[in-house]
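I opened this notebook to record what I looked up in one model. The entries follow the order in which I consulted it.

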Amino acid sequence: MKRREFIKNAGIGVIASSSIAAPAIVHANTGIKWKMVTTWPKNFPVLGTGANELAKLITQMSGGRIKVKVYGAKELIPAFEVFDAVSRGTAQIGHGSAYYWKGKIEEAQFFSTVPYGMNGQEMTSWLYYGGGMQLWEETYKPFGVIPLAAGNTNVQMAGWFNKTINSVKDLQGLKMRIPGLGGEVLKRAGGTPVNLPGGELFTALKTGAIDATEWVGPYNDMAFGLHKAAKYYYYPGWHEPGTTLEAIINKKAYAALPKDLQAIVSNACKVVNQDMSTEFTAKNGVALETLVNKFHVDVKRLPDDVLAKLKTLSHEVVQELAGKNTNAKKIYASYSKFYKQVRAWDDISEKIYYNIR
Ligand code: CA
């Protein structure tokens, strides 16, 4: 009995002392409020909800010491002004992808995806373990912005078309929404690339303002209703084999955080990076089944000669980008060295396994 009472009292003692300490902790809370601007429509599946999840994780893991409020595209600023907003501190954090800033930093495109380049798993490996992150940080440093990988689409689809693509000729004169380096490749194949935020794709395709569009993959494309605006759904996504989504953070806002909160922010990004990738894989499978069986979408493979031509043009475009400035050259050297090594391994592991299973 005595022992039990002692434990009970000791327990009360612990509770009492922590309840005395608690107000001091609460008092120490500065109540940091961050705005997160995104390039996605608010709550858009995986991309928008992933950004929401990142905000929620930061708030939860910090015990509410940082509260992050998410804004969809156009709510606070237009989709493609996310980088500038974070750079000047209008928002402390942003979610998007690096190729959207190519007008400002051309070599940023290496950190999204490279046509015929690395897939999502390989990209993440390069960023985390191949020196990619350091190069990305250096690239954004002059803008007072810190990048973090925060999601990956994995291999995308080639896109939605209202006519069949039987030869390279069919790409000529084609007005297609396709961002980044893939857009430049299409241009060299005779097409007219345009970039539009995701939220504008359905209307643009439906009204004929564009002839074709790519977006992400079955799950995201179906969410926009693209199957109601085009007949043919082509694969593979040669232009985006594993697009890294990024969280960008205002450097001053990040530097102002104590070390534990900095760790929470960067690790929340790691969680979301993995989580979005797995969510895409799971939901794309389900959505593809629905598109084929319920909506009778004609899923087609791009012809070999078209893929071969696009590959040649892709190499040209990537080489040219690498020659634009010293930073681009440095990034490309790191990327291509890593790609060569990881590819030799993936060729005898992932690739061969896909073929034999
Ligand atoms: Ca895309």
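In which helix is the place of serine 336? I found serine 336 in helix α12, residues 326-347; helices here are DSSP runs of H or I with at least four residues, strands are runs of E with at least two, and both are numbered from the N terminus.

Basis of the entries. I worked on a predicted model, in which local features need pLDDT of at least 70 and side-chain atom pairs count only at pLDDT 80 or more, while totals for chains, interfaces and linings use all residues. Residues are numbered from 1 along each chain as its sequence is written, and side-chain values use heavy atoms, with hydrogens and water left out.

Serine 336, continued. I noted serine 336 as partly exposed, because its relative accessible area is 25%; buried means under 20%, exposed over 50%, and partly exposed in between, with a 1.4 Å probe and protein chains only. I then checked its distance to glycine 117: the two C-alpha atoms are separated by 8.7 Å, although the residues are 219 apart along the chain.

Whole chain. I counted 13 helices and 11 strands in the protein chain. Its C-alpha atoms fill a box of roughly 90 × 50 × 45 Å along the principal axes. Of the 357 residues, 49% are buried. Among contacts with a separation of 6 or more, 77% join residues 24 or more positions apart; a contact means heavy atoms within 4.5 Å. I recorded an accessible surface of about 17,100 Å², 56% of which belongs to carbon and sulfur atoms (Shrake-Rupley method, 1.4 Å probe; for residues, only the protein chains shown count as cover).

Charges. I looked up 43 positive and 30 negative charges, whose mean positions are 6 Å apart. Lys and Arg count as positive, Asp and Glu as negative, and His and the chain ends are not counted; each charge is placed at NZ of Lys, CZ of Arg, CG of Asp or CD of Glu.

Lysine 163. I located lysine 163 in the loop between β5 (159-161) and β6 (175-177). Lysine 163 is partly exposed, at 36% relative accessibility. Leaving aside residues up to four places away in sequence, lysine 163 touches Asp170, Leu174, Tyr232 and Tyr234. Its C-alpha atom and that of arginine 88, 75 residues away along the chain, are separated by 44 Å.

Backbone entries. I found a positive phi of about 60 degrees at valine 46, which is not a glycine. Valine 46 lies in the loop between β1 (32-38) and α2 (47-61) and counts as buried because its relative accessible area is 0%. Histidine 296 also has a positive phi, near 50 degrees. Histidine 296 sits in the loop between α10 (259-293) and β11 (298-301), and its relative accessible area of 64% makes it exposed. I noted a cis peptide bond from tyrosine 235 to proline 236, with omega near -5 degrees. Proline 236 belongs to the loop between β9 (232-235) and β10 (244-250).

Surface patch. Which residues form a nonpolar patch on the surface? I listed Ile352, Tyr353, Tyr354 and Ile356, with about 460 Å² of accessible area together. Patch residues have over 30% relative accessible area and no salt bridge; like charges are joined within 9 Å, and nonpolar side chains (Val, Leu, Ile, Met, Phe, Trp, Tyr) within 5 Å. A salt bridge is a side-chain nitrogen of Lys or Arg within 4 Å of a carboxyl oxygen of Asp or Glu. Tyrosine 354 is in helix α13, residues 350-356, and is exposed at 51% relative accessible area.
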